[in-house]
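Open the model in your viewer and keep the selection panel at hand. The tour goes stop by stop.

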Amino acid sequence: MAKTGRNDLCPCGSGRKYKKCCEARERNGGTRSRVMLFAVGGAVLAAILAGIASFTGERSSGPTRVWSTEHGHYHDASGVAVP
Ligand SMILES: [Zn+2]
Ligand SMILES: [Zn+2]
């Protein structure tokens with residue numbers, strides 16, 4: 001495996017020096033794709049967290065209290081009287 005020097009001809013066959021050709025492109029493309037990956041990953045993570053938050057929120061803030069007209073007070077979901 002021969003390491004390509006920055007002043008050597010680019011292995012892609014463009015005839016330009018590696019530092020003027022694919023090295024710069026790889027560096028720019030690499031960081032850009034990495035930033036994109038972070039952005040997409042962050043968005044997906046945020047969406048997942050928001051989904052989990054809303055899911056658990058719905059469960060905890062669901063119809064836990066039911067008004068009983070015959071008893072004149074609230075009951076929780078399992079039928080226990082709530083003061
Ligand atoms: Zn190249
Ligand atoms: Zn009751």
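Keep in mind that this is a predicted model.

**Stop 1: the metal site.** Select ligand 2, the zinc ion, and show its protein donors: His71, His73 and His75. Now look at the sequence track: the donor spacing reads H-x1-H-x1-H.

Colour by accessibility next. His71 has a relative accessible area of 47%, so it is partly exposed. His73 is partly exposed too, at 30%.

**Stop 2: the sheet.** Switch to cartoon. Three strands form an open sheet in the order β1-β2-β3, and the pairing is antiparallel. Select 65–68 for β1 and 81–82 for β3; these are the edge strands, each pairing on one side only. Then select residues 73–76, strand β2, which two bridges join to β3. Zoom in on Tyr74: its bridge partner in β3 is Val82.

**Stop 3: the salt bridge.** How many salt bridges does the model hold? The count is one. Select Glu23 and Arg6 and show their side chains; the N to O distance is 2.7 Å. Glu23 sits in helix α1 (residues 22–60) and Arg6 in the segment before α1, so the pair ties together parts 17 residues apart in sequence.

Arg6, at 45%, is partly exposed.

Definitions and conventions. Residues numbered from 1 in each chain as written. Chains lettered and ligands numbered in written order. Predicted model: local features only at pLDDT ≥ 70, side-chain atom pairs only at ≥ 80, totals over all residues. Heavy atoms only, no water. Donors = N, O, S within 2.8 Å, 3.2 Å for Na, K, Ca; no water. Buried < 20%, exposed > 50% of the residue type's maximum accessible area, 1.4 Å probe, protein only. Pairing = 2+ DSSP bridges. Helix = DSSP H or I, 4+ residues; strand = E, 2+ residues; numbered from the N terminus. Salt bridge = Lys/Arg side-chain N within 4 Å of Asp/Glu carboxyl O.
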